[in-house]
Each structure stands twice: as structure tokens, then as C-alpha cells.
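Please walk me through this structure. Begin with a helix and its cover, then move to the whole fold and the aromatic rings.

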Amino acid sequence: MAVPLLDLSRQYRSIKDKLDQAVLRVFEHNQFILGPEVTELEKQLAVFCDCKYAIGVASGTDALLLALRAASVGPGDEVITSDFSFFASAGVISRLGAVPVFVDIEDDTYNIDPNAVEKVITSRTKAIMPVHLFGQSADMDPIMQIARKHNLVVVEDAAQAIGARYRNRQAGSIGHYGCFSFFPTKNLGGAGDGGLVTLNDDDRADFVRILRFHGAKPKYYHRVIGYNSRLDTLQAAVLLVKLDYLPRWTEGRRKNAASYDRAFKGTAIKTPVAKEYAYHIYNQYTIAVENREELMRVMKEKKVGHEIYYPVPFHMQDCFKELGYKPEEFPRTSRAAASVVSLPIFPELTPEEQEEVIAVVKSISG
Ligand SMILES: *Cc1c(COP(=O)(O)O)cnc(C)c1O
């Protein structure tokens, strides 16, 4: 039986009428840029994320870029982040002329190792960007402690973690800025690109709003050189419909994760470790195995969806070569990159499909 890694058409079919109507309403009122749906979504997401402000932007990447820019990160500054993440986490730092400083991850969560952070702080360090990888929050208390001690800004890359919690606090509400992505494959995904910045500070929020509209306030009076980075009204209309379903979709993912956990218990398969401080939302269910190439060959043959997030750590990327890192500085990201593979975990996955995934994985790596 073929099993897809993700099947968004099942989600669409389950909410088709509401989605279609929401999109058509936008064509009736024609306020395609910063229309009423954007305002309503920002209001609801501020509540959902437990933050004073939620500001829609054009993508998760732009959310990170605007947050760093609002934190006045620029040429000469250093920003500390995880060596193991989607490219955007590091790319935005370089795009602002700053230097990304990579640190190794924890073996069990694949998140940034807080113990490694303080060691790389210099007089040029401006910010720390923890990434809540795969839907589990990084260990935020020690990170915030280090940030306070050294007077650093914390920008949370929560692109994979909407609704995740750390010690009962929402991911993205703990640092100075929280950054989310509505890329279609994220837990709350739009029909295209979209992103969000969450924060609690009035002045910082004002600045992010100015930055997304060419740096202007009022219109045509440009305080700074900003960006064109708004969340489209059409995307907001789609996301408003989906937001109502997010808690039950998250529960579906957690239920699927628990089934995998049970099935792989006592085997050689390394399953995700959900920490006691975390409410994990499983944007990915990522296992690690010794014989990954063989497993992937069979999964491909049996048409069982899978993907490697991520095959190349930042310190190994061609575009960061000039930073001069050596592989031996990152033993844990190197190990993770060589052994992880993510399995289908989407809420609409059927029990039969999940049985098939489990059977195939166990037959090779169990
Ligand atoms: C998806 C993702 C981003 C970027 O979001 P886009 O909306 O695709 O720009 C950034 N960081 C992480 C960890 C992500 O998973």
C-alpha cells in the first residue's frame, strides 16, 4: 500500500465548503492587501499564541528577517543559532550582513544545546535564535537566562511549532520575538507563502509593522528602508478557517506519534524524545536509524513517504564555507544528519496506512 508523507487534499476535502466560501468572500470585498481577514487573524493568533501582538508577514523567512532587523541586527553583529535547521534560520542572518554563529544540538531533541551557547558569545553577539525543531520547543529557560546575563535579544524560530508549549508557555511567546511560517506543509498551512511575528513590546511591534510596509508611517513617509512583506488577505482567509481545526489536528498528530512510539519500543529505532517541559506538536515524526540508506531504499520501493530533515548541517553548506567551521566541532549534528528520517504523521493518516509504515520500517531497522 502506498502511503504519502503528507496529503493536503484530505484536509481540503474535510473543510472544502468553509474554505471555498472564505476565499470567495475576499473576491467580493476586494481588499487584497491587509484586508479585514488579516486583522481578524492577527487578533485570533495573538490570543492563540498568548502574545500581545501578532503581525502577519509574507513568509516564515520574512518573519525571521523582520524580527532580526527590528532587533537592529546588522553588519558586524553575530547571531547564535542551531547548526541543524531549515536553511532560512541561518540565511536571514547573513542577508542582514551579520554573521551566523552555529552551535551543536542536543542528541535527544535535535534542538540547540543551551550549554554550547554561552561558550560562543563574544562582544559582537547581538541575538540568539533557538529553533523549535520538528514541533518541540528548545530548552528556553537556560537560553533566556544567558540572554539576560549578556543583554541579548532572543528570536524564536517557531516555524515548525505553532501551538507547541514549553513549561505551559506557548512557543514564540518566551523570547522577544516569535516567528511562525504558514508554508502549506506546516501544521497551520496556507495556500501559498505566509508568516507571522509575535511579540509583547509596543515599540517593537510598531517597528515590525512599519518594516513590512516599506518602512513607512504614515504612508509615503519612510522612516527606514523597509520591505514589501505583508500576509495576503486571501491567505489570512484560508488560515482563519483552518485555525479553528488546529487543536484537533495537533491531537491527531500526537495520537499518531504515540502509536509509532508504542510500535517501535524495544527496537533499534531511535524515536523522538518528548521532554518533560514540552508539549510536542509533531510537525515531523523523526526517527534515527543506523541503516538509513537501506531503509530508504525499501521505503521508496514500497512507496512509503519519507524525507530527510536535514541532510546537510549549516556548517557543511557551501554558502557558509568561508565561516571556516570544521566537522569535528559538531559531532551531534553530523550524527543526526546521517541517521534521521521523518515518517508520515499528518492527522488524516489512517490506521491501516500507519500499520504499513510501521511494518516496513521494522522489517529493515527493527
Ligand atoms: C519553514 C521554516 C522556515 C521558513 O518558513 P517559510 O514560510 O518557508 O519562509 C524557517 N525556519 C524553519 C525551522 C522552518 O521549518
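**A covered helix and its surroundings**

The buried residues of α9 are covered by elements that include α1 (8-14), α2 (16-29), α3 (36-48) and α10 (246-264). Buried means under 20% relative accessible area, exposed over 50%, and partly exposed in between, with a 1.4 Å probe and protein chains only. Contact means heavy atoms within 4.5 Å. Helices (H or I, at least four residues) and strands (E, at least two) are DSSP runs, numbered from the N terminus.

This is a predicted model, in which local features need pLDDT of at least 70 and side-chain atom pairs count only at pLDDT 80 or more, while totals for chains, interfaces and linings use all residues. Residues are numbered from 1 along each chain as its sequence is written, and side-chain values use heavy atoms, with hydrogens and water left out.

Helix α9 spans residues 233-243 and is mostly covered, with 10 of its 11 residues buried. Among them are T233, A236, L239, L240 and L243. Now look across to α3, where L41 has its place. L41 is buried, at 1% relative accessibility. Leaving aside neighbours within four places in sequence, L41 is in contact with L231, A236, L239, L240 and L243. The C-alpha atoms of L41 and T233 are separated by 9.6 Å, although these residues are 192 apart along the chain.

Next, the whole protein. It has 13 helices and 12 strands. Its radius of gyration is 20 Å, close to the 21 Å that the globule rule gives for 366 residues, so the protein is as compact as a globular protein of that length. The radius is taken over C-alpha atoms, and the rule is 2.2 Å times the number of residues to the power 0.38. Along the principal axes, the C-alpha atoms fill a box of roughly 65 × 55 × 35 Å. Of the 366 residues, 57% count as buried. Among contacts with a separation of 6 or more, 72% come from residues 24 or more positions apart.

Turn to the aromatic rings. A search of the whole structure finds 17 aromatic pairs. Rings of Phe, Tyr and Trp (its six-membered ring) pair if their centres lie within 6.5 Å; planes under 30 degrees apart count as stacked, over 60 as edge-to-face and the rest as tilted. F27 and F32 form an edge-to-face pair, 5.6 Å centre to centre with 70° between the planes. F27 is partly exposed, with a relative accessible area of 46%. F32 is partly exposed as well, at 32%.

F87 and F320 form a stacked pair, 5.9 Å centre to centre with 25° between the planes. F87 lies in the loop between β2 (78-82) and α5 (88-95), and F320 in the loop between α11 (292-301) and α12 (331-339), so the pair ties together parts that are 233 residues apart in sequence. F87 is partly exposed, at 41% relative accessibility. F320 is buried, at 4%. One aromatic cluster is formed by F84, F86, Y110, F134, Y309 and Y310.

Finally, follow the chain to α12. Which residues of α12 are buried? They are T333, A336, A337 and S339. These buried residues pack against β11 (285-288), α11 and β12 (340-343).
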